[in-house]
Structure formats: structure tokens, C-alpha cells
Amino acid sequence: MKKVFTRPKSLKSAPFHYCPGCGHSLLHRIIGEVIDEMGLQERIIGVPPAGCAVLAYNYFDIDMGEASHGRAAALATGLKRALPDRIVFTYQGDGDIAAIGTAETIHAAARGENITTIFVNNGVYGMTGGQMAPTSILGQNTTTSPGGRKEKRDGFPINLSEMLAIAKGSAYVERTAVNSPSNILKTKRAIAKAFQVQIKGAGFSLVEVLSPCPTNWKMSPVEACKWIDEVMTASFPLGVLKDFTGDKKDVH
Amino acid sequence: MAFAPFHARRSQSRSTVPKVLMRGNHVVAEAAVRAGCRFYFGYPITPQNEIPEYMSERLSKIEGGVFIQAESEIASIHMVIGASMAGGRVMTSSSGPGISLKQEGISFLSGLELPAVIVNMSRGGPGLGNIAPAQSDYFQATRGGGHGDYRTIVLAPNSGQELADLTFEAFDLADKYRTPVVILGDGMLGQMMEPVEFRPEIPIKKLPHKDWALTGAKGRPSRFIRSLILDPGEEEEHNWKLMRKYEKIAREELRWEAFAADDAKMLVVAFGTAARIAKGAVKRVREQGLKVGLIRPISLWPFPFKALRDFSKKVKHFIVFEMNMGQMVEDVRLALEGGGEVHFYGRPGGIVPTPLEVSRVITSQYYQKRLG
């Protein structure tokens, strides 16, 4: 019998520990499919973060080196400079990349490091129990923004991808989501393109993925997917933010 | 008489390479490149800026050489982690305040079991302090400074020649034990020019193969390097594994020098620049007939506890001289276990006393203790 659907080769046979409805499982699968389709399993190195995805090396059947909180872009820089013909990607959450690791990320982009960053934005610190993230939107209830995020008290959410798109060294920046079949397909295309950008040596590439966290958002998985479309995308609009790869049709 | 496995090895490997006059910071950088270091990541801070400056030039002229002036000390130590994961010989350098920022990465290097060389050309502190030579980072270097149960090998050179030799040793030790090694110098050693002979350059292909490095899972199972171990049983086993490694280092990698200690009634204990000054002071008081010797720990961790304890069977009076308010003196007291009387003399803040000043302290103590 012919198999028409199976686990990507670059994912191990291990059940995910992620909560029901969490975007990480989907995104792991998408990345696994892209690695398989592009034939990268033997030459790709991943850098998981501190956060919910810290155990990513239990799931990806590729070489992986763990970074401390926020430092993935610096660690990936060291890896990539030492092994310029390998593909190096970081997988980071919003707290990791847009709070504690802001400097490392911005400077990796400014240097035009040939690395790819998958930035998972779910607007909360998931692993530590749902505290306010740098990307929690105004009004969002978290365990450290009771009554909703207020700009006077908590400041504004940060649009890191827009900032990174300004950096001269970034080649490709796109924001997608994994809340619907069509957005999942767009995310897959974006990640494949980001890896291609790296293979070409065009510079820093980043895909920000809006990802549901039903547990900490205190919603059902279906409500969480709807909330991304109806609320979150107003602060974090989907689309290509930068494309210096010559592929003009994607540019806004 | 010197306990001399380190010096013996050094003299054997001497080639006919002529001596060159070089600044200490340049010596460290050149020795690192000759030891096979191809990756350097750092951030400017005085008094060690000549290291990144030299590396930027030197590594740009070598195939595969990588120099990055990072956005911070934190970023630079994590770039070190990345290049080390890839299997390279890698170095960073800084001074006190910058080393404070690198402590996160040093803890991770230890937990991840990755080799790296970290140079601290220390300066006056705490806080911004100043840029003058000081030894106030002894605790920071030998007690880890970062979080978790770990040790770093700490080597304390006292001359340009030792900066060259110990830099070579540092890379070998780091690879041998898969652990970070700290070279603890100071602004004096970094800035001072001295004649130096370098060991011949090690060809990269002759460096030890690293069967744990991340290079892409080609023709082998995939690997991961991590320090997160959620299961307490597994984390305890990891800590035991690290401890067994540290115990082996403590047994096998002790380095220290004894000078004029055989018939001594009083011993001065000092490291690095302070030991250089103390040696001058000891020579001076010896000329006056005082039976005083010098013990110079070269590896600050592992610390030569047993050697000092053994000396205390014959010698009961010790003077510890440091360019700080008294840090290594705690290890000396631990070593003696009450078996000797310890007098501390310290000059912090970037003051570098003369041998004459230290010899006066020695003489005064010597007669107060009625040794002569």
C-alpha cells in the first residue's frame, strides 16, 4: 500500500509535549517538511531557545545546539561563521527574541548574518505560565498585566519584525500565522524561502509566525485561531515586510 | 627548587625561533592563533583592546579565520559557544566588568561541556573601577561567578613568556576536558612589552578530532548539545559527571612554582604580577640573609592546596601578597588548615607596589616573628 501521509524524516518518532491547540507542534511539522523537501537534513543545524520549544531537539532529527535565553542569534552567528556551508536556523519565542534577546537579534540582522530565524509570536511567556510578553497586545490579559495590558503601566507591544526589516543586513522578513490551512501553507512557503535566501547567502532571513496559545490565552483552540485573525493581526499584520531577494512580486 | 612539570615541558618544546619583543596582549593573541584558534569574538574594554585589534588583523589574513566585534560581552560569549559547538578552537577576551557579563555564557559552556578560552586582563573594581592593574577578580575567576555547580580552569601567567605558553596550554586543556579555561592576567601583563619565544604553529589538521561537534547529521545519527536536564536524577548524574572531571583536573593539572623555598623559615604566596614583584622582594631580603621563599600558584583552580599544606609541615609563617583586599588568601588559609600563621598584605585599586615596599613588609614580619 502506498503511504500518502507520514511523519517527515527530519522529525523523530516522539510525541510532542505541547498543549492541545498549540502552534509549536504544527510549526515543527512544517519545518520538518521543508527540511525534507529541500534535502537539508544532513547539513542543517538548529538552535532551540529557552521557552516552550526548548525541547525541540527531542523532536527534530537534525543536529541541534541549545542557546540560553535570548542568545540564539549570537550562538547561530558563531555556528554559521564556523560552518559557512551549513544551514543554520534559530527557533525562538517572542520573549526570547523581542525582550531578552533584542540586541543579539538586531545586530545579527544588521551584520547580515546568513542565518534564518523562526520567530514564534504567541504574545505570552508560555513556559513560565502566561506572563506578559513584549508582544502582548494592548488590552491583553496576562498573569502580569491584570486587567489587560495598559500602555501607561506596561508600555506598548514591540513590532520587532518591522524593526528588523529596516536593518540593512536583513534580506527577507515575513509575518505569517498557523491558524488556518491557507496560513499554514503560506508559512511553509515562507520558511522554504527563508532557507533559500540563506543558501543564496543573501543575508539575514526571518519568518515571524503568529501562533495560538490556547492554554495561556484561556481560550479553546478554535477561539484562539479566530483571535489571531480578528484581534492579533490588527497589531501584527501578516505579509512580507522585506524582500531583497529579487523576487519583486512579494514586496508590498 | 621548582616543582616543574610545566616548565620542563616548556623547555623541551623550545625551538630555535628567535625571541620577539611584544606587548602582553599581542602575545596572547599571537599564541592563540598559533595554538589553532580561528574564531575570536569580543567587545572593546581597556586594558585588553590590543587583543581584539590584533585578532581582527591576524584572523582576516588566515583562511577560515573569523573575527567579530560583537554588540556586547554577552553576545560575544554566546558566539564563542556557537563556534565551539561547531568544533573550532575559540577565544574571547575582556576585563573585569566585561567578564561579569560573560558569566552567563561561562556557566553555559561548563554545563554544555564546551571548550573555550576566556582571557581576563583584569583592572580595578568593583563597578567601573579603573583601568589600572589589579587582581580583584580572583574570586570571580576561581569561584565561577555564574550560576550552578561548576569550575573553570584558571591559569595565572606572570610574564610575557608565560602568556604565550599558558595560552597554548589553555587551548589544549579546554579541548582535553571539554571545559572553559580562564587566563587571568591584569593590565600590567597585558600592556607590558617583553621578549617572547613562541612555540611552532599547530596545523589545524593536527588538532584533536571532536566527535561530538555539531556539523550536520551527515552519515551519522543527529546530535544535540544541551544543558537543560529536567529530570532531577539525570541532572544529578550530569553534576556527578562534571564533578568527576573536576576531580581529575584537580589531580592532574596543578601548576605552581617554588622559589628559594627549601630552607625558608617564611614563605610568601603570590600569583601573577604580584608574584613577579614578590620574587624581587624575596631576592632582596635573601641578600640580607633572611630565609624567605616564594610559592607561586600558576593554576589558581585547581589550587595547589596539598603543596602548601606540605610546606606548612616545615614552615609556619606565611605572607600572602595580592593586588586586592585579600582573595587568594582564603585559599591559602584553607590549604594550611590552621597549620601556619598567615599575614596578608594587599594593595587594591590599581596600585602596583615596588619590590622594595613588599620587602619591607617581609622584613618587618620576619623580625616580628623572631625568625632572625
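A residue is called buried when its relative accessible area is under 20%, exposed when that area is over 50%, and partly exposed in between, using a 1.4 Å probe and protein chains only. By this scale A:Cys19 is partly exposed, with a relative accessible area of 37%, whereas B:Cys37 is buried at 0%.

The structure is a predicted model, in which local features need pLDDT of at least 70, side-chain atom pairs count only at pLDDT 80 or more, and totals for chains, interfaces and linings use all residues. Residues are numbered from 1 along each chain as its sequence is written, chains are lettered from A and ligands numbered from 1 in the order in which they are written, and side-chain values use heavy atoms, with hydrogens and water left out.

A disulfide is a covalent bond between the sulfur atoms of two cysteines. Here the term is applied to a pair of cysteine sulfur atoms within 2.5 Å, and a search of the whole structure finds 0 of them over all chains.

Next comes helix H1 of chain A, residues 23–38. Helices (H or I, at least four residues) and strands (E, at least two) are DSSP runs, numbered from the N terminus. The expected span of a helix is 1.5 Å times one less than its number of residues. For the 16 residues of H1(A) this gives 22 Å, in agreement with end C-alpha atoms that are 22 Å apart. Buried residues of this helix include A:Gly23, A:Leu27, A:Ile30, A:Ile31 and A:Val34. Among the elements that cover the buried residues of H1(A) are strand E1 (44–47), strand E4 (116–121) and helix H7 (181–200) of chain A. Just after the helix, A:Gly39 has a positive phi of about 65 degrees.

The two chains touch each other. Contact, meaning heavy atoms within 4.5 Å, takes in 35 residues from chain B and 31 residues from chain A. Buried area is the accessible area (1.4 Å probe) that two parts lose on being put together, summed over both; for these chains it is about 2,500 Å², with 61% on carbon and sulfur atoms. B:Glu71, B:Phe224 and B:Leu228 supply 20% of the area that chain B buries against chain A, more than any other three residues.

Between the chains there are 3 salt bridges, each a side-chain nitrogen of Lys or Arg within 4 Å of a carboxyl oxygen of Asp or Glu. One of the salt bridges joins B:Arg220 to A:Asp63, with the closest N and O atoms 2.5 Å apart. Helix H4 of chain B gives 8 residues to the side that touches chain A, the largest share.

Finally, some backbone features. Most residues other than glycine have a negative phi, and most peptide bonds are trans. The bond from B:Thr46 to B:Pro47 is cis, with omega near 10 degrees, and B:Pro47 is in the loop between E2 and helix H3 (50–60) of chain B. Another cis bond runs from B:Trp301 to B:Pro302, with omega near 0 degrees. A:Lys218 has a positive phi near 55 degrees and is exposed, at 70% relative accessible area. B:Ala260 also has a positive phi, near 55 degrees, but is partly exposed at 23%.
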